[in-house]
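Trainee: Hi, could you walk me through this model? I'd like to start with the contacts between chains.

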Amino acid sequence: MVSEKRTALIVAETTRGGNLAPITLELISCGHGISKNMGGDVAIAILAEEIGKAPEDAIAYGADRVFLAMSPILGVYKADAFLQALSPIIEQISPEAILMGQTDMGRDLAPRLAARLSTGLIPDCVDIKFEPASGSFRMTRPVFGYKALADFTSELKPQVVTLKSRTWKPLVPDRSRNGEIIEIDVSMNASQFKTRFVKRVKEDDTQMSLEDAEAIICGGRGLGDASGFSILDELAKALGGAVGASRPPCDAGWASASRQIGLTGKVVSPKLYIAVGLSGSSQHMAGCRDSKIIVAVNKDPEANIFSEAHYGVVGDYRKVIPHFINRIKQIKEK
Amino acid sequence: MALARHIYQMFESVVGLENISDDPAVIISYMYQPFGRTHGVWSEIAPEAVLLPGCAEEIAAIARICNRYNIVFKAMSTGWGIHNLPGVEGAIVLDMRRMNKIIEIDEKNMFAVVEPYVSCIQLQVEAMKKGLNCHIIGAGSNTSVLASATSVVGYGPDGLSMGFSGRNVLGVEWVLPTGDILKLGSTGGQSGWFCGDGPGPSMRGIMRGWEGAWGGLGVFTKCAVKLFHWPGPAKIEMKSHPPNYVIKEPLKYFHASLFSFPDLEKLNEAAYRLSESEVGYFISRLSPAFVGMQMAVGQNYVNMWNSGMLKAMLGYSFLFVILANSEREFDYQKEVLNQILKETGGQASPIAETPEMQAETATEVIKVAAVTRSCFRGATGFNTSFGAMDTIDLAFAQLKAGAELKNKYIKKGVIVDDGGDNSATLIFEQGHLAYTEVLILYDLHDKESSDGALEYLKESNQNCIDKFLGPPIFQLSQVGTGKHGLFSPKCHDYDKWQKKIKTAFDPNNTGDPTAYTSPED
Amino acid sequence: MLLELSDYKDDMRRCIRCSICKWPPLAQVKSLRFSNACPSVAKYNFHPYSGGGKLALGLALLEGKLTEATDEMLNILFRCTACGACDSSCKYNAEIEVLWSIYSIRAHVVGAGYQLDEHAIITDSLRREDNPLSFPKSERGKWAEGLDVKDLSKGGRAEIIYHAGCLSCYDPESAAVARDTVKLLVKAGLDVGIRGAQESCCGSSAFQLGFQGEFIKFAESNIDDWNAAGAKTVVTSCACGFGIMKSVYPLLGKEMKFEVKHISEVLADIIKDGRLELRKNLSAQVTYHDPCNLGRKSEQYVPWKGEAKKLLGQFIVREPEKIIHRGWNGIYDPPRNIINSVPGVILKEMERIREYSFCCGAGSGVKQTMNDFALWTARERIEEAKSTGARTIITACPWCKKNFKDAIAELEEKVEVYDVVELAKQAI
Amino acid sequence: MHFIVCIKQVLDPEMPVSSFRIDEEHMRVIPAQGIPPVISTFDENALEAALQLKEIHGGKVTAISLGYKLSRPIIKKSLSAGADDLLILDDPAFENMDSFATARVLARAITRLGDYDLILTGRQAADWDAGITGQALSEELDVPCITVARQIQLEDGLAIVERMVEDGYEIVESMLPCVITVSNDFGKLRPITIPGITQAKKKPVKELNATELGLNPVPASRCKLERLYVPSRMRTCKIIEEETPEKAGEALAERLHDQGII
């Protein structure tokens, strides 16, 4: 049964216990927007070992059709297994677009999927519009280390896209929505795959990962020495965020290299990014330029960071930050 | 057709791996030759390779290889000048830079023996340490002593007292196009280089004649040139800073004066009287534009020119320099000078008399270090016309004819408006010989200006013939192909004799014919 | 603003091929033996190795007569210390930017992806270790351990920032001189601070070798950091850095709230107004070597961008007027004043001095990548020094001193080499 | 063992922001004077991985580079670092290809090279930051693919790989041959040395164009670039002015709270 309706297919990401990961809600919200001006609907493929409230949540957050593929092998993400599970779903829907997150899974799976479907892929997309005239999509993504943006279109269908996290706001859940849940039988066994998952090790358990943190406090050369980072840790706790560093502190050994934010480090776009004692070089800004709100604390009014920040305080961070923390604590208690 | 590998390797074995190159970057850099061109800065013909020979024997070996494989070769020293590159395809360049020794300065017999890459300034400073001075050509002291003595023209304002390069050359070591090494004059054994005409027929006339063979008759590897008594100090200290270094101490018995005359005829007459009186160290008629461009550039020069001050001061004038060996001689020469001026109505301009101007003039007259300002700084392209070496009268006739013709082109706007009389008139051998080089400045990179300059040069040659002004010194060898066809019939068919000499000295045609004999016939 | 190669077209095609760039300004030639101005053409002889020869290459690249850079072309462009002798000789009679055309040809060629393999070592080191000498960044502050001076990398501000320079940070001998320099400044009561472990390269070798991208990053971050530290004066003893900070930093369009000075200027002032007394009698005959970057190359450079209009027929007038610096406004007298203020020391000048000084041979990466050429040039200069009768060379740059000492090591007749600061210290 | 490393020549990602200019009409970055192209930073990590594996397991490292008018000195840095031979695919047709076409051309060249044990690429190119070619290449060659590796071990025909994930790392095994894309956490490429440069001059370099690969015309790009521009981030920074830094800290907290940011 090949549906004539134009459908946007979401590939869901689930957490342990079978619930939807935050990125999936953002994907559904984006898919909902597209399907509206496409005059179509939103389908979602949930591939997992065990299913909690995922299908109901998916419908509540805007999905119309939920395709469930259950298998112990799908408990842990593995490209070959996910590709095999997805192909019958895609065949059945022949969607206009397939949306994934620009996440560990999306970055790995999307290129393989697009290659198999011989179709186009736009990774790390920050904007996607359906153009009724041409019947194809116009997508925008950052390139050249966030120094530029590029718009693409493509005639090929389905258009595979991975979306940058925290770009779309999830819809307000509406438990009264109704949607169809379709079970897909998946028969696969481990021996047929050439790769094998061994284990997953959680690092940095003390701190939240930089990619997920809502707020990031980043320290630079201006901290002067390693002791500066203890002040930033305190601020991070007060805001429930994580601490990062630009390259100089990592080179000087004040912070671990895994905490480095920048072109050759991690790329983040939290809601709030507080840059303390860092000049804002091009390599560093490439890692945080797309944060929603950037606050800069630096003693040099001419520092480049002030040309990229929304709010700024010119002064010595050792005097500014402690009082900033106290005030936050007072506000939080109220 | 690039040089065949085995031939390249032969040359390599002669001069050594690091002294030969045919890399495109090296070749293109040598092809940058703006001097004497009318259009652009690049030579049309690319040499096959550039070699840096170390001595006469190496050049002889190179010549023998060239004879066997029919390859044209031509030497260049500083590389500044017309016809530095061979004018035919498949030729090689011998850059003489490594042959830069002063073999000897013979104080007693007052001559120096130099290799091709010794420049006038280098010889001058070494000679002055022994109380001697050398003639420096008008173009500047960065030029090679040997080049102007053996192969290319060689005139300069100090010729009044020191003759010109052609007259100063004595013994010569000459690698013929065939590869034989010929020694002219008294260069054999212990008899030294003091005389240019050894036993047997003298070759000097054949070797260079009037204008030189421009590298068409092989390579001159050593030559002796006359030196002259230098009354000044052994070392000349400079003071002040660029762009005007000036001698620290004034020169004893030195005086430079700038005489202007009511008209050309009076200037002409004074020229005769001055040169026949056998006084003076340096004489040159300097045009207002020439002096103006020496001192200023860009808008400052234009303002100075438009003010008319230059024309008023230097309309028809001579720069005349006295440099005597003793007080009595100094007074005598000044006496002679004043008397001639009185009789010809010459006025000495007061500006030149100040100590600063005396020092500045002395620096430029002795060191000849800043001439390029007047010729090249104004408009990229520079050329000379007229200039046959003849009587003083003819020199001034050339000046008049040149000014007239130039004004026609100035009105067309294709050359720089330098008043038309921008030229240099030099006098030699006590007034026996003189000439006027009529200079034109134009823009090498502006087609209209380049075409205009080329047209002017052709018309100026025709002018020389129509008005019997004698063969022009530089144009003879470069305007269009069939170069000598225009002048040779009017000048006792010299071209035929030159071809006979070329064939005799260069049976396999390895010497570059371009500027010496017309290549095609 | 750093101009493009096409902006120098008018300069490159106005070379008249007069070869004056191969000699000192003619009026200053004093002997045949020491009448070379350009070490490159003096050693390699082919015309392209001279200033004018390189301009022809630049024009050929611009006009498409040369479509790619051959290995020999890279040799031509980089077997050259960018000492600027050709520039000051040519400018005696012309208004041609020879040195800046060469800088621009190098940047053009490098931008197109051509480079000498050895230069990859320098740029890798600059990108990873913030110095061109492949020493670890973590050891940058070692030279100043235990030194009684404000370390601004730990915060704080200072009136004067002493920028030691890469060689003074990593080369033991130069480091010793740098320590003495700091002691002298502190002794003279100046409010001086150093940036210790956070000091990074001034970018001068990157700029001169054509890697203008790397240079801009170092220059911009230095200007930011020096401004932030509230410095009124930045003092360095490295002439290479000084020359580029004076002539190129101002072109980046960033406000520089400080003045750049060479240590010899500061030292000469301190001695003149009595804060430092040179009492010991050293009774020595010395000669002084003018480092190119301290002298002619430290003059302010004014890039000209305008159009050439024609007056009086074909006479070319540049609009706006082209401001030409001829190299004589560099730092020449302070080091000489220091030498002359040492009792018993007699200064015997060499033939090639001041704006027509002859290079020591180390500049723009030559010491690191073509040491044979660096030593050849040094030997030429040492012979000239000996010709004055002196047996001690005083200079004002660690690079010159190091290159001279390396060359002297191979000569039998020993000659002493001291930085001008060492001379002053010996005389206190 | 035979390791193949794909290295791409890109515009220097660490060029100063002030020199980064785009020609919107031709949709390309205007090459700046004095800023040479570089080997993409992540591809250098891939090369380091190959060189380390070769030191342990022996064998040969082949570097492959694909593009148009590639700069030989820049690409040959791979040989100076230690690669044994270099295959340069240079053709006008290879200019502006997308990742999938690039994967197709690389796959054709690799199959021509004969057998291989491991293909290593950077996790993404430092210019268009796509991160597709490695995975597409594994599909073209029908071999497994492991992405964003930070450590690789080889044991009896298996690759045991630590790959980066958000909150730590995964350990995954794959049969050989396979494609592994390497992350910068693997570690920097070893510094270039003079001996490395002199040896590199003697190492074999092979050049092929599109026709010699039998791939003329090359596969068309699947997505069409419509516009390339520098987003104007005209942010006017609101500076919190107070008499003392301490007061400014407090005022900042209040301002962010009022704006609902904290």
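Mentor: Happy to; we'll take a chain contact and then some domains. This is a predicted model, where local features need pLDDT of at least 70, side-chain atom pairs count only at pLDDT 80 or more, and totals for chains, interfaces and linings use all residues. Residues are numbered from 1 along each chain as its sequence is written, while chains are lettered from A and ligands numbered from 1 in the order in which they are written.

Trainee: How many residues does the contact take from chain D and chain A?

Mentor: Chain D gives 63 residues and chain A gives 66 residues, with contact meaning C-beta atoms, placed from the backbone, within 7 Å.

Trainee: Which element has the largest share on the chain D side?

Mentor: That's α7(D), with 10 residues. Helices (H or I, at least four residues) and strands (E, at least two) are DSSP runs, numbered from the N terminus.

Trainee: And how do the residues on that side of chain D divide?

Mentor: Into 35 nonpolar, nine polar and 19 charged. Ala, Val, Leu, Ile, Met, Phe, Trp, Tyr, Cys and Pro count as nonpolar, Asp, Glu, Lys and Arg as charged, and the others, Gly among them, as polar.

Trainee: How many bridges join β8 of chain A to β14(D)?

Mentor: Five, and the strands run antiparallel; pairing needs at least two DSSP bridges. One of the partners of β14(D) residues is A:Asp151, bridged to D:Arg227.

Trainee: Switching topic, what domains does chain B have?

Mentor: Domain 1 (5–96), domain 2 (98–229), domain 3 (238–373) and domain 4 (379–479), with bounds from an automatic or database domain assignment. The centres of domains 1 and 4 of chain B, over C-alpha atoms, are 31 Å apart.

Note on methods. Contact = placed C-beta atoms within 7 Å.
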